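Here is a short report on charged side-chain pairs. Look at the sequence and the structure first, then read on.

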Amino acid sequence: MSQFNDTGTRMFTAGAAIKLWARVKLASGTVTEAGIADKHIGYAMQQAFASGDIIAVRLFSKEGTHKAIAAAAITQGNEVFTAAAGKVSVSASTAFRFGVALETATADLDIIEVLHYGMGDTAVP
């Protein structure tokens, strides 16, 4: 079956609990929080409390900016990279660079605005 989506959001079944605004990856028909070495498909627009929950995902390709969970302090204007547990951070080994922070995060779990400019094909060495 073929589908088409031009809204930039899509419903998915969660494969585990997922935090609001976590980066998510798709595997085996479900979404889970993306890890540091995972390329994400988008951001959870609602929290999943358990495997099987149906959640909305704001797709990576959607126009505009995105909300993301910081893994640590990030200065406005710095490039952002993938991080563990569905978060974003500054450069780290095995992380993918994919955007710029439009707001400053002062601590772990801060929600910041991120502008995507693409995801590299290789992780940071």
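## Arg97 and Glu79

Arg97 is partly exposed, at a relative accessible area of 40%. This model is predicted. Arg97 pairs with Glu79 in a salt bridge. Their closest N and O atoms are 3.8 Å apart. The two residues sit in distant parts of the chain, 18 residues apart. Arg97 belongs to strand β9 (residues 97-101), and Glu79 to strand β7 (residues 79-82).

Glu79 is partly exposed too, with a relative accessible area of 35%.

## Lys87 and Asp108

A salt bridge also joins Lys87 to Asp108. Here the closest N and O atoms are 2.7 Å apart. Lys87 lies in the loop between β7 and β8 (88-89), while Asp108 lies in the loop between β9 and β10 (111-116). The pair therefore ties together parts that are 21 residues apart in sequence.

Is Lys87 buried or exposed? Lys87 counts as buried, because its relative accessibility is 12% and the cut-off for buried is under 20%. Asp108 is partly exposed, with a relative accessible area of 39%.

## Glu33 and Lys19

Glu33 forms a salt bridge with Lys19. The closest N and O atoms are 2.9 Å apart. This pair, too, links distant parts of the chain, 14 residues apart. Glu33 is in strand β3 (residues 30-33). Lys19 is in the loop between β1 (9-13) and β2 (23-27).

Both partners are partly exposed: Glu33 has a relative accessible area of 21%, and Lys19 has 27%.

## The total

How many salt bridges does the structure hold? There are four, including the pair Glu33 and Lys19.

Terms used
Residues are numbered from 1 along each chain as its sequence is written. This is a predicted model: local features need pLDDT of at least 70, side-chain atom pairs count only at pLDDT 80 or more; totals for chains, interfaces and linings use all residues. Side-chain values use heavy atoms; hydrogens and water are left out. A salt bridge is a side-chain nitrogen of Lys or Arg within 4 Å of a carboxyl oxygen of Asp or Glu. Helices (H or I, at least four residues) and strands (E, at least two) are DSSP runs, numbered from the N terminus. Buried means under 20% relative accessible area, exposed over 50%, partly exposed in between (1.4 Å probe, protein chains only).
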